[in-house]
Each structure stands twice: as structure tokens, then as C-alpha cells.
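Hello,

Here is the structure I promised to pass on to you. Have a look at it first, and then read on for what turned up.

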Amino acid sequence: MKKICFIALLCIVLLSQCKEPQDVLVQSKLISFVNPFIGTDGPGNTYPGATVPFGMVQLSPDIGIPGWDRIAGYFYKDSIISGFSHMHLTGTGAGDLYDILVMPTNSRSSKRIEANNFKPFSSFKHAKETASPGYYSVDLLDYGIKAELTTTERAGIHRYTFPEDKATQIHIDLGYALNWDSPTETHFRVVDNTTIEGYRKSTGWAKDQRAYFVIKVSKPFESYQLFKNDTLTTSPVTAKNIRISLNYATTKEEQVILKTGVSTADIKGAYKSLEVEVPHFNFDAIKDEAETKWENELSKIVITTKDETQKRIFYTMLYQSMLAPTLLSDHNGNYKGANDTIMKAEEFKRYDTFSLWDTYRAAHPLYTVLHPNRVSDMVNSLLAHYEETGLLPVWSLQGNETNMMIGYHAVPVIVDAYFKGIKGFDTALAYEACLKSAKDNSRQINEYMALGYVPVDEQHENWSVSKTLEYAYDDWCIAQFAKAIGKIDDYEVFLKRSENWRNVYDSKSRFMRPKLKDGSFIKNFVPKEYSPYFCESNAWQYFWSVQHNIEGLTDIVGGKDIFEKKLDSMFTLDPLPEDKLPIFSTGMIGQYAHGNEPSHHVAYLYNYIEKPWKAQKLVRQILETQYKNEPDGHCGNEDCGQMSSWYIFSALGFYPTNPAQSVYAFGSPIVDTALVHLENGNTFSIEVLNNSSDNKYIQSISLNNEVIERNYITHKEIMNGGELIFTMGSTPNKNTKNSMALTSKMYQ
């Protein structure tokens, strides 16, 4: 009997050991596949620090030295840290924010360098640095201090583990500024020996920024020094440049927690941030809550793939797609409005950081699939900006209009939400806002309305051709909106305006060409040159920006054969060694530049001329070559979720070529399976049979057990749930039926 029991027990142990690898794989949290360092080197301009999905606070390390490479405050190749500030932009070319810098020090080092304005700093090594969703830690080697960071939506939490030292300090610097940012007025009031309140008002890319804060520490400070322009002063103090040093005597391995609640409206709102979100000093509990929030959001798409590197890239891109837009309103509903007054969000959360020229293309369409409830708040935020200023935002940040980039691209975001059935916003107000923004006299819209195109002028960034094309696309969106709500006169006006792209088409060069006010084209036109007439692009890259009328674009160049040859040339006309490529011309495949947004839909255009296998080959090439699981993993600025959203859509096998059409063109899926858990309770599953690097071509597609012979899927089909199965192969399937090809007029 004992022998039988022993054998049975041995079998159980062996079986459990056999199952262990699978169990470990199943139990692995999705956050473990995220690498926040992707994009912190090269042109990505991302930050590695702690935040939660779409949160107000981005608590991240700052090198403290300015420059293009340090737009997000941090550059992977650097070796020092000057502190941890609470707000950062993700993947942009704009050097702003960096509010409320905190830096712990002690007597072990007093080094200062001019490059970081003689601020305290410490060396660090990546071997002693960790980043994951909602958490960041690093050893400050010069001081022997371990720094750990985590966040809630509106609060940043620091945990510092100190060595024994009688001269330990925690510095809080409101005068600290980097790149374009500059403080205008800052304020400290020491409430007691555990609480400090204040604000930091600043200007930069966004002209009127306001960060009100309350800081609480877990251990009372013994004393403090308060500095106004490097001169000792007393509390309270208000000036442009102030900082405070909190003094401690610490024992070995002693930990001090510092938590900062913020609001853009007032100090009362900052107190509320701490009261609601961080009522205690349990760092690990807050970290766990942040990780749970990320795990829940990442779990909206559960993929399988034989390639672990691909899985890490996928979940990092999904993570980075949720770093913007960011919360602007506090728990009282208050926020700093774009009219420079304190506004109140009623029954919605106010968001900002809308990088719309970038994100209207893929990021916002991805939100309509994964976060429709949040999209309602985002649309209401766009409409709040309209009510505050009389116009929809162009590129808004911290309750400010920066007027960066071009177009009135809040329009496609709103129109897309309307047609996809997003609830909870005022349709009449939304239509009014779209109409007003399209009829404004600023940004050469008046000339566009009068001439039918934006003419060349002497401005440094005239961007005349790009403006014409972007305005025309937005006009098409308004036309569809007008038609849907019965505004037929407006529909006809804006449908006609949407064809203004034809006015800059040059039949001689077969490119969109800059045009003078007298109606003549400029002379000495070279399509591959980067000029002030094209927004961060050249004529090759912007030629295809007629997403709303690909058929018309095809016809005007002379038909599908010529269109195909032009597309082929786009991806094979490599820059010459002597060509001058600007900083934004990266991720090049011929003239295609994946590192910048105007190119992002171009590979998918082969679907419109019944050559989808060419799209499949190129999409797979971009997926496999332009994203890496390395700090230099982005081929261009990540741009507030656009670069990462392109990857998510394309990895799943489809992409919104026309972002406001509710239709997605097929590409070449890179995952083996995916389960998309939708907020409406449905599940949309994707299975990719025979998937491999060689098998990049779609052989057949079935949707809910029915074979479909078309190269698109609709948003409604995805949201209804079901099963999409791709069968892949190593050779192109050229049996596409013309009658089922994707058309840009399908859902007008």
C-alpha cells in the first residue's frame, strides 16, 4: 500500500513538473512584456517613467540637460539624473512640461556641472535601473540612494531608500526648466513639517501652464531651507525661481515616501487628488493598483505568438498607445481652460494633450475599438475647447492651444465617433464646432476658401500644399456629417471643398505642386526635396493624402496601372547619399518615411487597385523592420500614440486607411491569435493560420465561418464580435475580385 501511494505521489509530482512551463506562461502578466525603454534612444522621444493609462501625472527621470534627444527629459545614452519631474510629453518634438522636480541627495557627493545649470545630480547605470507599467526605479550611485516611482491618475509617489547620513536632503525645485519650458511664477508654502503646498506657472510651447500641488512626506523633515533666486528666504514665497531643501538624518536602509497631488485648477483640487487617490503612504499598494490598471487595459487584447520579441513589441506599443491624451480635470471637475479661466467639466472627464495631426490617423480610431467610453469624454473635451475658444483644438496641451501643425483634425475624430455610435456628446454642438473651425479666417483657411487652395507665401513654414490636402480631407468628413444629419446644403458645399486637392495637382509632374496666388505653379520643382511647402515631408510623401477619394486620385494620374507604378516607385526610389534628409525623415523605404505620419496609410493603398498582396508584403516589411525591442526601437517620434497604434492595428491585420470611414483595409497580420475583449461585452477573435515570416501573403479570409473575398472589414463587424481567420502563404494570392475591392466611397 505504501509503495502504491508513493508511486501515485511521484506521478502527481512529475505531472505537475511537466505542466509547469505552460502554467508559468499562462500566469505571466501582460505588463511583464512591456518595455518602457523602447523609444528612449534614437528619435522616439519617449520617457521611461511611471504613469497610469491616460493619467495626468507622468513621473519620470530627467537628465537635466536640454536638447532634441532629451525632449522627454531622458535620453538612454546619458549617464546622469538630475531629478524626477511630474509631467512629460510622450514621443513629441516639443520640449515642454517637466513640472515639479524632486531630487534626493546626501553628503556623499556635491558635484555640479554647468550643463545642467549646476543642479544636484547623480550618475546611474542601466544595470541598476528598472521600468515597467506604473513603476520606475534607479540607483543614484553617487549618493547610494535607491529611487522608486509610481503614480495614480493625479498623483506621483516617490519612495527613497537612504543610507545612513546626517545630511540627507530632498530637493523640490520649481525653478527647474528644460528646453522650451520656463517658469513665470512659482509658489511654496510650508504648511507643517510633513506638508508643502504651492504652484508652478510656466510658459513654453503651451503659453499658460498651471500646476497646483500638495506634497506630503511620510517622515517629518527636521528643518528646511527655502531659496528665492538662490537666496535664503522664508515661507510663504512667490517668485519665478524658487526651491526648497528638506533636511533629514537617515539610518541605513531607511525609506521616506513623498507623494504629490496635482491639479491644473487650484490647490484645493490638489488636496483632493491626494485625499481620493493616495490617502496613505503604502507605496507597494499604490504600485500594485497602477499595475492592475495597466493589466486590465492591456488585457483588452490577448495575443499569442511564437516570437517573444514580437510579443514584447506588441504590448509595449499597446502601452504607449495609452500615454496620451492625458487627464486635465481634477476630482472636483475643475481644470485650467483654453480661455485661461478655471472651467468645470460636468459629467465627463476633461482630457488634453491632443496631438491631432498625428493621432487622428490611427490612435483615435484605435480608441473607438478599445476605449469607446473614454472616447466619449475625449470628444466632450474637444467640444469644451470649442466652447472656451470658439474653435476646435489643433494641438492642445495643458489647457492651451499651441497651433502646432495643420488641419482642423478634431473634425475626423468627432465625425468618426459619431458614425461609430459613440454616445454621450451633443451632436448639434459637435456639428456647429466642426463648421465653425472649417470657416475660420486664421491659418490661411480664408485663402483656402477663396481660392480653393492655400497659396505659397513667404512664411518659414508655409506648408501650403499640405494644408490644402489636410483641409480637403477634413471637409470630406464634415460633408459626411452634414449628410447624416440632413444638412444637405452644407453637404454639397463641403463635398465640393473636399475636392480642393485637385487644385494643387500638376498634370505635368503628376505631383501635388505648390501654387502661387495668381494660379501658377512654382518653378524649379523637385518632388523629393524637402521644402517649406510640405509639412515635415516632401511631394512624394504628401501626394497620397487624399484618403477620402483614392478613386479620384487614381483617375487623375491616368488610371490604376500608372497609380500602381507610382506606388511602386514610392517604395523603391531610395534617397541618394547627397540628398539632405531632415530630422523627421526617418524609417525610409524608398521615399516612404514610416518615421512621420503622412506616410502611414500609403502601403495600404494597393488595396484600392486590386493589388492587396503588394500591401501585405510592405506592411509585413514595416512591422518587422521599423519596430524593435530596444531603446532605439522607434524609427521616428512616437507622437502621442500614433506610431504605436499603427503597429497594433497592422499586427492584428487591418488598418483605417481613411480614419473616419469605419472601414479597415487588410494588411498582413503578424500575431498567431488575438482575442479582443470589447467594452460592449463582445469578443472579437483573430486566428492566423500558417503564420510565419515567410508566409506574409493572405490566401483566404473567413469571417464567422463564411469565406469573404474582399480586402476590408467594417467597424461594425468587429464590434459585433465573432471570429476572423486568415490563412497565410508564401506566395501572393492574385485572385482578388474587383467587385469586392476596397473603395473610398463605400460608406459615404
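Before the pockets, a definition: a pocket is an open set of grid points with protein on both sides within 12 Å along at least five of seven lines. Please keep in mind that this is a predicted model.

The largest pocket has about 560 Å³ of volume. It is lined by 31 residues, and M405, E461, W463, E536 and F584 are the ones closest to its centre. Sorted by class, its lining holds 15 nonpolar, eleven polar and five charged residues.

The second largest pocket holds about 440 Å³ of space. Of its 26 lining residues, F118, K119, P120, D173 and R243 are the closest to the centre. Two elements, β4 (101-105) and β10 (165-173), each give two or more residues to this lining. Which element gives the most to the lining of the second largest pocket? That is β10, with four residues. The classes here are nine nonpolar, twelve polar and five charged residues.

**A closer look at T195**

Is T195 buried or exposed? Its relative accessible area is 2%, and because buried means under 20%, T195 counts as buried. The T195 side chain makes two polar contacts that you can look up: one with the side chain of T194 at 3.4 Å, and one with the side chain of K216 at 3.0 Å. Setting aside neighbours within four places in sequence, T195 is in contact with R189, V190, V214, I215, K216 and Y271.

**The cysteines**

How many disulfides does a search of the whole structure find? The search finds zero. For a disulfide, the two sulfur atoms must be within 2.5 Å. C535 is in no disulfide either, as the nearest cysteine sulfur, in C640, lies 15 Å away. Both C434 and C535 are buried: the relative accessible area is 0% for C434, and the relative accessibility is 0% for C535.

Enjoy exploring, and write back with any questions!

Best wishes

Methods. Residues numbered from 1 in each chain as written. Predicted model: local features only at pLDDT ≥ 70, side-chain atom pairs only at ≥ 80, totals over all residues. Heavy atoms only, no water. 1 Å grid on protein atoms, 1.4 Å probe; cavity = no way out; pocket = protein on both sides within 12 Å on 5 of 7 lines; lining within 4 Å. Points joined across faces, edges and corners; volume = space filled by probe spheres on them. Nonpolar A, V, L, I, M, F, W, Y, C, P; charged D, E, K, R; others polar. Buried < 20%, exposed > 50% of the residue type's maximum accessible area, 1.4 Å probe, protein only. Polar contact = N/O pair within 3.5 Å; in protein donor to acceptor, adjacent residues only side chain to side chain. Contact = heavy atoms within 4.5 Å.
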